[in-house]
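I opened a new notebook page for this structure. My plan is to look up one topic at a time and write down what I find.

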Amino acid sequence: MQAKPHSALVLIGHGSTLNPDSSTPTMDHAETIRRLGLFQEVVCAFWKEEPALREVLRMVDSREVYVVPNFISEGYFTQQVIPRELGLTGETTQIGGKTVHYCDPVGLHAGMTRLLLARAAEVAPGVPPEECSLIIVGHGTGLNENSTKAIKDQVALIRQRNAGFAEVIDSYMEQEPLLAGWDRLTTAPNVIVVPFFIADGLHSFQDIPVLLGIESEPTAAASQMEVFRHNPHEIRGRRLFYSSAIGTEPMLADVILDQVEAFDKARQTAAATDENVTSNSLADTPALPGKLSISQPPRSILASLQAWLEQGGSHLGEVAVRRVTIAAADATGQSAGSGSGWILTHHSDADLAGTGALVRHTDAASAREIARHDAAGEFRPLKSAPTLKRGWEIVLSSLAEVRLALDYLNPAALANVVRLAEGSVPRLTLKQMLGRQTGMYRVTGLIRESEAQELVAETCQDSKCLRKIIWPWDENQGWSLLPPEKTICPPPPRDGSPWPLICTDACPLLVGAARELVRARQKAEAPPVSTPVPAPALS
Ligand code: SF4
């Protein structure tokens, strides 16, 4: 596609508070596209992980932004959650001085057919297609007919292509035709199963193998297995080839770019009027009165980071950053002088930087892996938790890389500080935030103030999360059970003092906990179900 050096690409994924692999493909594809250098900025955001959807537009400086949902189909998330959280009101929305284009989800693009065929060929190399049945599998709940439709469309497209398979069928985990009966649904001696999912999460890596008979019970997550599964599996008298989720296919990065191109083409085809452009000025307006910002003029995040480092800034959350001299090497590995760069460590390891005592990394992407698990190997869905492991250092030569590494280690932290300083961070009370939840989280709007006070004190305490809260319970009531330093967010520093991690909105962990709490109370308060008294027998 044509380069867009003044635009940003925002990839939206679902993410998970439980499964470390859910966000991996979205971040991998972002890395791939970032390396191509087609966009000025490439960032990700997630519904269940950090950075949050509401933070992501703050993270880009570009005036034009393409938002691509890394989702398999249209549905609740792409039609309700993403537009609501990003403040999008149409195909193209003018918001906060940015022109934001909302593209179709990747799974709808015709290029997915190419990926499915490539994945099938890759998983069963050398097996003639005419001796293979191909099953494209989805969840299928009846809650989202669109996801079933996306799979049926792909099956029809593959059949039209005459790809040579003995048969191509759709099948589902929870609706007919059920995947558990895969051997009865197919006739060929070889069966290839490709999950039409974005990530190797709970469904495709842990649940489907049980339905197929590959495993007797759900295993650990893909990234926690020492050995990946090997094909083929000799089961029920057939040779079964099971692929990883289609969303993990590296070529999906091309489909993401295709979706941006398709958006532009459709826009050119539409009459060159501004009919499809809407404006969301509400999203620019702080919902609360009062000033929490010092209203500096807008500045790029990179320029703000540079200014902070030049003023001696060195601490962001648990991360320490410091300027160093880096020895350079030529292509043959010979010394080629030295230049300046930066070194990042856990702040408790800052004195060990450059001594050889820490494991050295030299690329920003390694920060992603460092931030993923704690020292005990547990997944860290909340990167703001004070559980960043120690023992590493990352040496980087450019400020852009420092920014990227910091975004992996403390997602959106730089953007929140800079935008708060500009006064461009809209503010919602927790009551407002929970009151506008939909779907299974709608019930959180029923939380009582006393419950919220205890919940926030428990969930957001510094021992669990280092972010400082800028939202109160409502316009009149703050947090009586939290220490003052947790809620009084210091103004973003003009000098080099540590930048705070700022919580601008309740995160998925808190919203999820609010749901559990309200549901437990509703259950406890529900009237007991009376046992019907049997009618006396007639004599
Ligand atoms: S809601 Fe609480 S736990 Fe979640 S990010 Fe904010 S401060 Fe941290």
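My entries follow, topic by topic.

**Confidence**

I noted at the start that this is a predicted model. I looked up the confidence next. The protein averages a pLDDT of 87, and 87% of the residues score at least 70.

I turned to an open sheet of five strands. I read their order as β7-β6-β8-β10-β9, with mixed pairing. Which strands stand at the edges? They are β7 (167–172) and β9 (233–235). Each has a single partner strand, so one side of each is left without a neighbour in the sheet. From one strand to the next, the twist averages 30 degrees.

I then checked the pair β6 and β7. Strand β6 (residues 132–138) runs parallel to β7, and six bridges join the two. Within this pair, I found G138 opposite Y172 of β7.

**Helices on the sheet**

I looked for helices against these strands. Helix α4 (residues 111–123) packs on the sheet. I listed its touching partners as β6, β8 (190–195) and β10 (238–242). The direction of α4 makes about 130 degrees with that of β8.

Helix α7 (residues 202–212) lies across β6, β8, β9 and β10. I noted that α7 runs at about 170 degrees to β10.

**Helix α9 and its partners**

I began with α12. The axes of α9 (residues 301–310) and α12 (residues 413–422) come within 10 Å. They cross at roughly 90 degrees, which means α9 is roughly perpendicular to α12. On the α9 side, I wrote down I301, S304 and L305. On the α12 side, I wrote down L414, A415, V418 and R419. I sorted the residues of this contact by class: five nonpolar, one polar and one charged.

I went on to α11 (residues 399–409). The axes of α9 and α11 also come within 10 Å, crossing at roughly 100 degrees. I therefore recorded α9 as roughly perpendicular to α11. From α9, the contact uses I301, L302, L305, Q306 and L309. From α11, it uses L399, A400, V402, R403 and L406. What classes make up this contact? I noted eight nonpolar residues, one polar and one charged.

**Backbone details**

I then looked for departures.

The bond joining E50 and P51 is cis, with omega about -5 degrees. I placed P51 in the loop between β2 (39–46) and α2 (53–56). The peptide bond from E176 to P177 is cis as well, with omega near -10 degrees. I found P177 in the loop between β7 and α6 (182–185).

I also stopped at N162. N162 is not a glycine, yet its phi is positive, about 50 degrees. I located N162 in the loop between α5 (145–160) and β7.

**The ligand**

My last entry is the ligand. Which residues surround the ligand? I listed T459, C460, C465, R467, I469, W471, C503, A506, C507 and L510. By class, this shell has eight nonpolar residues, one polar and one charged.

How values were computed:
Residues are numbered from 1 along each chain as its sequence is written. This is a predicted model: local features need pLDDT of at least 70, side-chain atom pairs count only at pLDDT 80 or more; totals for chains, interfaces and linings use all residues. Side-chain values use heavy atoms; hydrogens and water are left out. A residue is near a molecule or strand if one of its heavy atoms lies within 4 Å of it. Ala, Val, Leu, Ile, Met, Phe, Trp, Tyr, Cys and Pro count as nonpolar, Asp, Glu, Lys and Arg as charged, and the others, Gly among them, as polar. Axes are lines fitted to C-alpha atoms, for helices over the stretch in contact, and angles run from 0 to 180 degrees between N-to-C directions. Helices (H or I, at least four residues) and strands (E, at least two) are DSSP runs, numbered from the N terminus. Angles under 35 degrees count as roughly parallel, over 145 as roughly antiparallel, 65 to 115 as roughly perpendicular and the rest as oblique. Contact means heavy atoms within 4.5 Å. Two strands pair if DSSP finds at least two bridges between them. pLDDT is the predictor's confidence in each residue, from 0 to 100.
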